[in-house]
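Subject: Structure handover

Hello,

The structure is placed below, followed by notes on what was found in it. Please read the notes with the structure open.

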Amino acid sequence: MAKLARIQTLMVSGMIVLGALSFVMTPALAQISPENTGLVESARQAGYGETAVGLPDLIGRIINILIGLIGLILFLFILYGGIMWMTARGDSTKVEKAQGIILNAVIGVIVVLAAYAVTSFVINQFTKPETGLLNP
């Protein structure tokens with residue numbers, strides 16, 4: 001029995017030491033800057049980064065950012081409702097309140113996803129280079 005305890009102690013100690021060493025090791029910083037590779041000049045020749053962002057693109061980006069933030073907020077509401085449910089300790093009023101929060105957050109996620117789909121479709125239709133309304 002003492003031998004088994006020693007083996008377990010050695011294994012746990014070894015895992016702790018290896019875990020500590022994994023935080024001490026420094027990563028190999030072998031990044032290459034884009035200026036040294038010629039990628040910046042190639043992108044410039046290909047026409048990237050030279051065109052101004054149009055109004056539909058700007059509006060689309062802003063809407064996508066807002067929809068992402070709303071999605072994050074709804075995720076936090078689902079998390080909050082789940083924590084409330086777990087800590088309700090069988091109190092039916094707290095459980096119902098937590099279920100209501102989760103249900104409303106899920107409905108909100110569905111509405112946000114539908115809004116994202118509609119927005120994405122409309123912005124793509126306006127900004128198509130071949131057949132777009134703003135770029136004939």
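Against which helix do the buried residues of α5 pack? They pack against α4, where contact means heavy atoms within 4.5 Å and buried means under 20% relative accessible area, exposed over 50% and partly exposed in between (1.4 Å probe, protein chains only).

On provenance: this is a predicted model, in which local features need pLDDT of at least 70, side-chain atom pairs count only at pLDDT 80 or more, and totals for chains, interfaces and linings use all residues. Residues are numbered from 1 along each chain as its sequence is written, and side-chain values use heavy atoms, with hydrogens and water left out.

Overall, the protein chain has 5 helices and 0 strands, in the order α-α-α-α-α along the sequence. Helices (H or I, at least four residues) and strands (E, at least two) are DSSP runs, numbered from the N terminus. Of the 136 residues in the protein chain, 13% are buried. Among contacts between residues at least 6 apart in sequence, 45% join residues at least 24 apart.

Helix α4 covers residues 55-86, and its 32 residues should span 46 Å at 1.5 Å a residue; the end C-alpha atoms are 47 Å apart, which agrees. The expected span is 1.5 Å times one less than the number of residues. For α5 (92-126), the 35 residues should span 51 Å, and the end C-alpha atoms are 51 Å apart, which also agrees.

The buried residues of α4 are Pro56, Gly60, Ile67, Leu74, Gly81 and Met84, and they pack against α5. On the α5 side, the buried residues include Val95, Ala98, Ile101, Ile102 and Ala105.

The two helices, α4 and α5, pack at an angle of about 165°, with their axes 8 Å apart. That makes α4 roughly antiparallel to α5. Axes are lines fitted to C-alpha atoms, for helices over the stretch in contact, and angles run from 0 to 180 degrees between N-to-C directions; under 35 degrees counts as roughly parallel, over 145 as roughly antiparallel, 65 to 115 as roughly perpendicular and the rest as oblique. The residues of the contact of α4 with α5 divide into 21 nonpolar (Ala, Val, Leu, Ile, Met, Phe, Trp, Tyr, Cys and Pro), 7 polar (the others, Gly among them) and 2 charged (Asp, Glu, Lys and Arg).

Arg89 lies in the loop between α4 and α5. Its phi is near 55°, a positive value in a residue other than glycine. Most residues other than glycine have a negative phi. Arg89 counts as exposed because its relative accessibility is 81%.

Regards
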